[in-house]
Amino acid sequence: MLTQRRFAPFFWTQALGAFNDNLFKNVLLLLLTFVAVPRHGWDTGLLNNLAAGLFILPFLLFSAWGGALADRLDKQRLIRRLKLLELATMCAAAAAVWFEQFAVLLGLLFMMGTQSALFGPVKYAILPQHLRPTELVRGNAWVNLGTFVSILLGTLLAGVLASLNGVWSRAAIALTLVGIALAGYLVSLGVPKAPSSAPGRVTWRPLSGSIQVLRDSWRHPRVFRGLLGISVFWFLGACYLTQLPAWVRDVVHADETAVSALLAAFALGVGGGALLCARLSGGRLEVGLVPLGALIIGTAGLDLALQPAIAGEQLSLSALWAIPAFWRMALDLALVGVGGGLYIVPLYTLVQLASHDEHRARMIAANNLLNALFMILAAVFGIVVLTLFGASLHVFFVWLAGIALATGVYILMINPRSVLRLAIFALMHVLYRLRFTGRSHIPAEGPALVVCNHVSFMDALILGGGCPRPLRFLMDRPIYESPWLNWFFRIAGAIPVDSERRDPGGVRRALEQVSLVLRSGEVVMLFPEGRLTPDGEVHRFRRGVDMILARDAVPVVPAALAGLWGSWTSNRGGPALTKRPRRLRAKVALVFGEPMRPEAASSASLEAKVRELKTAAERRILD
């Protein structure tokens, strides 16, 4: 993706913007602390809080406007205009740095926050226009990796530039700010067109516009839950990063170099977690990673909170590297970052996929508003716990770990199926060398029916793991009611069906349940053969498909499996599950065909198509 024009220019545009953004903010804070305060006698705490407020305020004022602009204008043109605004701001900042006009720099911090607030909605809204649904997770992973690495590099470079002497420092800062902004604008010229699906005029309404986008997001419960989840991440991140310098001073007993090292561990952890998320997701939205990420954040954060203070005073970074306790703290923060990457990428992807083209940017704008509010809440939380209650940093970090663990447990309770699906997907990759083809043929949204040949008792698990959307599947009621496995089938959303001989109304009730599931927009999978193949070949499809389509005319996606015939869960060499497993990590291919219109789909036509796909799956194994 980083070599393709539809993604690479945008990736470097946003990465350079995040880099310059954090370079400017940290340079300003260092100049205020070490130059302006001694020279003018200003209050350090007041200046730092004022700077933080000036940067967050634009997100409250302009996020809604930015979302409306991104929904109504060509996103390519909007990105270029915003990069020009950044370039103009950095030119003014360069002059202010050179002439040491600190009040002007504070005003320009507000301008940089405005540019970031306007860029945020288009940043995530443009991806679905240039990437396929199966590429969105990977695209979001790269964007998050680029963002956090840029934050880290911007922070580190700010310290280096500010440490130079006098005129050299000012010149280096000015040239770097303008140079990065210019590079970002030149790269943005390569971003492909992204026209609006609902063009129109936009007016700036700071208060009513912000309330409106929050109301719009509230009307879409699935999207709003995703936005709240993202804001929880930024709440935790703001709490950790705000208190990290104090942790280094009071617990690690070191200087700002140790802060940079721990910040690097956190930022690289987030980037690594984002890429790990893309790897584990396999090109699909894997919501089960969200609670896993939250639990990793909570567990690692708890271990960090319980670390005792390191003995010594003003330890150097080189001395800290020889202390195991410091390595453990760095590892804990890296794992907090990994959990954050696993947590945040699926949520951004969920918001993108669940939002319609006409208002996707406004949903991202609502996200920016909520993020800003939650970061303000993080500051208030820190004041209440650390100042009003007088708690220690260890207690404060225990609270953060508890919030993360509670979030993970809550998501597990309300959506256990996604976690179960992820576990099945991981298990199938351990047991087999899976080869998937055509997963993009599964409709991104809306109801659909998936039909496949039935080779072994592992078929449903492999299909559930390979499909980019959660599947509901039909199964025999006696197996469904197994006392050992019924809990699993209930969580997985299986639909039991009984034979007419055992239960005259069983088939009708199963069809009614399938109809309810399809009408709610879900995907249903079934094996039309009705039993495991006795010889490895595709056998006659029964009339269940025709009965379902007669009730609900939905697209039908044919699929075929190859590689499981001969396994201990197939009927080759004796009844399934009565033989000893003989193979581990066997090659298994799953091929999805193009969706068939309901009026063109019948038992006979689907059977022929599945036979054709089975041949393709067998060839896939030999590749």
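Predicted model: local features only at pLDDT ≥ 70, side-chain atom pairs only at ≥ 80, totals over all residues.
Three cavities of 30 Å³ or more are found when the whole structure is searched. The largest cavity holds about 170 Å³ of space. Its lining is made up of R417, L420, R421, I424, A460, L461, G464, P470, L471, F473, F488 and A492. Two or more of these lining residues come from each of helix 16 (416-431), helix 17 (459-466), strand 3 (471-476) and helix 19 (486-492). Helix 16 supplies the largest share, four residues. When the lining of the largest cavity is sorted by class, nine residues are nonpolar, one is polar and two are charged.

The second largest cavity contains about 50 Å³ of space. The residues that line the second largest cavity are F233, L236, G237, Y240, F266, I297, V336 and G340. Here the elements that give two or more residues are helix 9 (221-252) and helix 13 (324-354). Helix 9 gives the most to this lining, with four residues. In the lining of the second largest cavity, six residues are nonpolar and two are polar, while no charged residue is present.

Helix 1 covers residues 8-40, which amounts to 33 residues. After helix 1 comes G41, and the phi of G41 is positive, near 70°.

G17 belongs to helix 1 and counts as buried, because its relative accessibility is 13%, below the 20% cut-off for burial. Between G17 and L105 there are 88 residues of sequence separation, and their C-alpha atoms are 18 Å apart in space. A18 is also placed in helix 1. A relative accessible area of 12% makes A18 buried. From A18 to R5 the separation is 13 residues along the chain and 20 Å between C-alpha atoms.

L136 is part of helix 6, which comprises residues 136-162, and L136 is buried, with a relative accessible area of 1%. L136 and A278 are 142 residues apart in sequence, while the distance between their C-alpha atoms is 9.1 Å.

The cysteines were examined for disulfides. A disulfide is a covalent bond between the sulfur atoms of two cysteines. Zero disulfides are found in a search of the whole structure. For C277, the closest cysteine sulfur is that of C467, at a distance of 18 Å, which is too far for a bond. C467 likewise takes part in no disulfide, and the nearest cysteine sulfur to that of C467 belongs to C452, 11 Å away. By comparison, sulfur atoms must lie within 2.5 Å to count as a disulfide. C277 is buried, with a relative accessibility of 0%. C467 is buried as well, with a relative accessible area of 0%.

Positive phi values were also found in residues other than glycine. One of these residues is E100, whose phi is near 55°. E100 is located in the loop between helix 3 (75-98) and helix 4 (102-125). With a relative accessible area of 25%, E100 is partly exposed. Another is L577, which is not a glycine but has a positive phi of about 70°. The loop that contains L577 runs between strand 6 (556-562) and strand 7 (586-592). L577 has a relative accessibility of 47% and therefore counts as partly exposed, since the exposed class begins over 50%.

Key
Residues numbered from 1 in each chain as written. Heavy atoms only, no water. Buried < 20%, exposed > 50% of the residue type's maximum accessible area, 1.4 Å probe, protein only. Expected span 1.5 Å × (residues − 1). 1 Å grid on protein atoms, 1.4 Å probe; cavity = no way out; pocket = protein on both sides within 12 Å on 5 of 7 lines; lining within 4 Å. Points joined across faces, edges and corners; volume = space filled by probe spheres on them. Nonpolar A, V, L, I, M, F, W, Y, C, P; charged D, E, K, R; others polar.
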